[in-house]
Amino acid sequence: MITKMKKLSFLIHSKEYDGFLEHLRSLGIVHVIQKQQGAVQDQALQEDINLLARCRNALKTLELHQQHKGDGSLRVTETGSPFDEFVKKAQREPSLLCPEKILERFDILEAEKVVQEQTLQALLRDRAQLLPWGDFEPSQVERLTAAGYQIRFYTCPLRAFNDEWVSRYGLVEIERDKQKVNFVTVTHNDVMPDIDAEQVHLPHMSLSAVEADIAKTRAAIDAIPVKMAQLAQVGAPVLQDAVKQLDSKIDFGRVKLTGEHLAADTLLLLEGWIPADKVQEASRELDLKGVFFEVDDPTPDDDIPIQLSNNKFARLFEPLTEMYSLPNYSELDPTAAFAPFFMLFFGLCMGDGGYGLIIFLACTFAKRKLPALRDFMSLGQWLGISTIIVGLLTGMVFGISLDTVAWPWLAGVKDKFITDNNYNVMGYSPMMVVAVCVGILQILFGMGFKIVRITIQLGVKYALSEIGWLVLLLDMIVLLLLKLTGADISALAMNIMLGIAIVCGVLILFFNSPGKNPFANLGSGLWGTYNMVSGLLGDVLSYIRLFALGLAGGILGGVFNQLAFQAGGALPVWVGWLPTALILLLGHGLNLFLCVISALVHPIRLTFVEFFKNAGFEGGGKAYKPFAKK
């Protein structure tokens, strides 16, 4: 559900404004409305914003190098460079450190990295040019030039090479392959050879000198991560503190600019939002400070921030709602409505009870070791439980179909598993029928959710068309089930169902837009009927993916089992266990990874596309972010 909000309006004397903001920030429960005047350019604030961006960018890079150092991939050495001297001095005198100095050193390293990489690329191009000609000293060519002999380098296609050039121009062939010939000419007294070939201008360096420079440049590039790790050792904590302080300072500065100046700048008006259950607490604190304020109810034109408030179970699924969009204040929070379906969808896509047990145990362990991810691990536990239940119902555990194995202790329950061997629904797989039925249930539930939302927002007369569709579909489903089960349907029951269908048709065709012309309603009703019928068919068929993914995961797990035991069975027992274990671990590990990805992506798609569409979810809400110390 969405937390009810109240609007707070403050009137503060300009001399007391800063002190009031400090007190308001200490309360940490008011979402300040940032108006247009809050975006006025302020030089000091802009400098802080730029500094914060630089600190965050540098901190991200330094923390990455700090992690590399910690895992042993980097070895910090003392090279005696000025940079190392800075690090050593900072380690001895931490009070000398400041964000600007750290950023200055960071920028130096970043610039050095760019320069060295550009130098390396240029050297690699020079080496590629020199390689075909071998290692020679350019100074020797210069001495020949001084003596009156011109050395020129050429390359030409093999088919264009003329053997007469050898005797005419003192041609010396250097390299020949299937496509081209590289050669040099030696001429005297500046005679220009008449050769139809491309002249090559080589770098004024020998190949060995270029190779040495490449090695030197690569060593300089390799040293930069080491220097980054050194800088991270002393600079990361400084930047972390700077980010916290700047973030809080910028937030305060933006809120300060938000106040609307009144009465010749002697008073300032500030507005914000507060959860309704926090009004009493805020009023008591503000009264003690002698602050003038008013509490009002929101109006339809207000842009009200959203704070989701759900029970302990549904709260775990709030990140999924936020991933799509927060609801706007006038509609319902869909989180609790789709949470059970999402959990069921995940279990159906996984389909293997053994995998579900691994997920549950892994999340339980991580929940204790990683307190920061406690909510995500709790969600993983619920998804693991759902997978275990689905796996036990379908008899699928680690790729083993329990209804096909000859284990005596399963003899009494083998015929109870929901499998193709035990059940057949009009020639269809039972799990496919389950997936489609679950999809129909969620679509109908979404339509009911939409009816409730429209009724709350606009009134019941605007929901009559949606009510007509929901009742009509339920009427058709009941009739279909009676026909499939072979139940006798009396004439009275058929007439009642027909009457319900006619009433629903009237609601659909003539009450879809209350207040409009009946003929306009009829036209929009017919168009809406076409869209509904074609859309419902596609929506229902989309849920078959739940069955397909669960089936694919089970089949792939069974294939890895078969490969593992075939590989191990072909070898002596004392050595055959090794390939069996390796194939089982690698195969099921890969299958589990793929299944988890599919079981997250496709339920999210079904929720965002099918459910949200049929529920009429609009979204567009902005998060409630109270003005508080960070």
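Colleague: Leaving aside neighbours within four places in sequence, with which residues is His588 in contact?

Modeller: The model is a predicted one. In it, His588 is placed in helix 18, which covers residues 573-614. Leaving aside the neighbours within four places in sequence, the residues in contact with His588 are Tyr355, Phe398, Gly399, Gly557, Phe560, Asn561 and Ile583.

Colleague: Is His588 buried or exposed?

Modeller: Buried means under 20% relative accessible area. The relative accessibility of His588 is 11%, so His588 counts as buried.

Colleague: What is the length of the polar contact that joins the side chains of His588 and Asn561?

Modeller: His588 and Asn561 are 27 residues apart in sequence, and their C-alpha atoms are 8.6 Å apart in space. Asn561 is also among the residues in contact with His588. The polar contact that joins the two side chains, His588 and Asn561, has a length of 2.7 Å.

Colleague: Phe398 is one of the residues in contact with His588. Where does Phe398 lie?

Modeller: Phi of Phe398 is near 50 degrees, a positive value in a residue other than glycine. At 32% relative accessibility, Phe398 counts as partly exposed. As for its place in the chain, Phe398 lies in the loop between strand 10 (396-397) and strand 11 (400-401).

Colleague: Which residues does Asp352 touch, not counting those up to four places away in sequence?

Modeller: Asp352 lies in the loop between helix 10 (335-350) and helix 11 (353-369). With a relative accessible area of 2%, Asp352 is buried. Not counting residues up to four places away in sequence, Asp352 touches Thr387, Gly391, Met396, Val397, Phe398 and Gly399.

Colleague: How many Å from a polar atom of the side chain of Asp352 does the backbone nitrogen of Gly354 lie?

Modeller: The side chain of Asp352 belongs to a residue in the loop between helix 10 and helix 11. The distance from a polar atom of that side chain of Asp352 to the backbone nitrogen of Gly354 is 2.9 Å.

Colleague: How far apart in space are Tyr154 and Asp196, C-alpha to C-alpha?

Modeller: Tyr154 is found in strand 3, residues 149-157, and counts as buried at 2% relative accessibility. Neighbours within four places in sequence aside, the contacts of Tyr154 include Trp133, Phe183, Met192, Pro193 and Ala197. Tyr154 and Asp196 are 42 residues apart in sequence, while their C-alpha separation in space is 9.5 Å.

Colleague: How far apart in space are Tyr423 and Leu472, C-alpha to C-alpha?

Modeller: Tyr423 is found in the loop between strand 11 and helix 13 (430-457), and at 37% relative accessibility Tyr423 counts as partly exposed. Not counting residues up to four places away in sequence, Tyr423 touches Asp415, Lys416, Phe417, Ile418 and Pro430. Tyr423 and Leu472 are 49 residues apart in sequence, and their C-alpha separation in space is 30 Å.

Colleague: Which residues does Leu482 touch, not counting those up to four places away in sequence?

Modeller: Leu482 is found in helix 14, residues 464-485. Its relative accessible area is 26%, and Leu482 is therefore partly exposed. With residues up to four places away in sequence not counted, Leu482 touches Ala487, Ile489 and Met497.

Colleague: Turning to the whole chain, what is the radius of gyration of the protein chain?

Modeller: The protein chain has 18 helices and 11 strands. For 630 residues the globule rule gives 25 Å; the chain is well over that value, so it is more spread out than a compact globule. Its C-alpha atoms fill a box of roughly 120 × 85 × 65 Å along the principal axes. The radius of gyration of the protein chain is 37 Å.

Colleague: What percentage of the residues of the protein chain count as buried?

Modeller: The accessible surface of the protein chain comes to about 34900 Å², and 62% of that surface belongs to carbon and sulfur atoms. Among contacts between residues at least 6 apart in sequence, 76% join residues at least 24 apart. Of the 630 residues of the protein chain, the part that counts as buried is 41%.

Methods: Residues numbered from 1 in each chain as written. Predicted model: local features only at pLDDT ≥ 70, side-chain atom pairs only at ≥ 80, totals over all residues. Heavy atoms only, no water. Helix = DSSP H or I, 4+ residues; strand = E, 2+ residues; numbered from the N terminus. Rg over C-alpha atoms; globule rule 2.2 N^0.38 Å. Buried < 20%, exposed > 50% of the residue type's maximum accessible area, 1.4 Å probe, protein only. Contact = heavy atoms within 4.5 Å. Areas by Shrake-Rupley, 256 points an atom, 1.4 Å probe, with all protein chains shown as cover. Polar contact = N/O pair within 3.5 Å; in protein donor to acceptor, adjacent residues only side chain to side chain.
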